[in-house]
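Open the model in your viewer and keep the selection tool ready. This tour tells you what to pick next and what is there.

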Amino acid sequence: GSGGQGIVLAGLIFAEAVGVHDRREVAMVQSYGPEARGGASKVEIIVSDDPIDYPLCANVDLLLALTQEAADTYSLDLKPNAWVLVDSELVTHPPTRDAIVLPFSKIARDTLEKVMAANIVALGAVSHLTGLVTHRALEKALLARVPGETSQLNRRALNLGVKAARDYLRKKQSKAVKEIQVEDM
């Protein structure tokens, strides 16, 4: 994402949910420097059932890009067939044809009236699509990190991200069934 979008906070919540609440091995590295005030910003997270020897990602399995700059900059480290999730409003040219394009900013702005919650909407979608963390753990970590007066908004943002991921999977499955039916004819 871009500095100020909350990608580091989302990564921290995800890592804490995995490591503290789901009790799996996790390593997180965040970028510092000029990115904190705009420009491309990133968080690298490794999740494993085994001890992690090296905390940096060399071949990335999943990229969540909330800006075009982030998509362009960080897609170079992707493994073949890696998952790519992008914000439909802010990434107009996804780095792969198979990118999962979801309206994180639109959901946050139109449903929650807080575009700054797009990071938490995206976090909900990532967690549902990957299955790397339980929803219970993610919600606990989220509520421990956000100010109390925003807890309901952030919980709703997380659930809206899960819903967006469910809707995406439902549409994808429906499309696959239609393609199979056409091929059978």
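Helices (H or I, at least four residues) and strands (E, at least two) are DSSP runs, numbered from the N terminus. The model is predicted: local features need pLDDT of at least 70 and side-chain atom pairs count only at pLDDT 80 or more, while totals for chains, interfaces and linings use all residues. Residues are numbered from 1 along each chain as its sequence is written, and side-chain values use heavy atoms, with hydrogens and water left out.

**Stop 1: helix H4**

Select residues 118-130, which form H4. Find Gly131, which follows H4 and has a positive phi, near 70°. Now check the length of the helix. The expected span is 1.5 Å times one less than the number of residues. For the 13 residues of H4 that gives 18 Å, and the end C-alpha atoms are 18 Å apart, which agrees.

Buried means under 20% relative accessible area, exposed over 50%, and partly exposed in between (1.4 Å probe, protein chains only). Among the buried residues are Asn119, Leu123 and Ser127.

**Stop 2: helix H1 against H4**

Axes are lines fitted to C-alpha atoms, for helices over the stretch in contact, and angles run from 0 to 180 degrees between N-to-C directions. H1 and H4 pack at about 35°, with axes 9 Å apart. Contact means heavy atoms within 4.5 Å. Show Leu9, Ala10, Ile13 and Phe14 of H1; they meet Asn119, Ile120, Leu123 and Val126 of H4.

**Stop 3: helix H1 against H5**

The H1 side of the contact includes Leu12, Glu16 and His21, and the H5 side includes Leu138, Ala141 and Arg145.

**Stop 4: Leu158**

Finish with Leu158 in helix H6, residues 151-184. Leu158 is buried, with a relative accessible area of 0%. Which residues does Leu158 contact, leaving aside its neighbours within four places in sequence? They are Ile120, Leu123, Gly124, His135, Leu138, Glu139 and Leu142. Draw a distance from Leu158 to Leu123: their C-alpha atoms are separated by 6.6 Å, though the residues are 35 apart along the chain.
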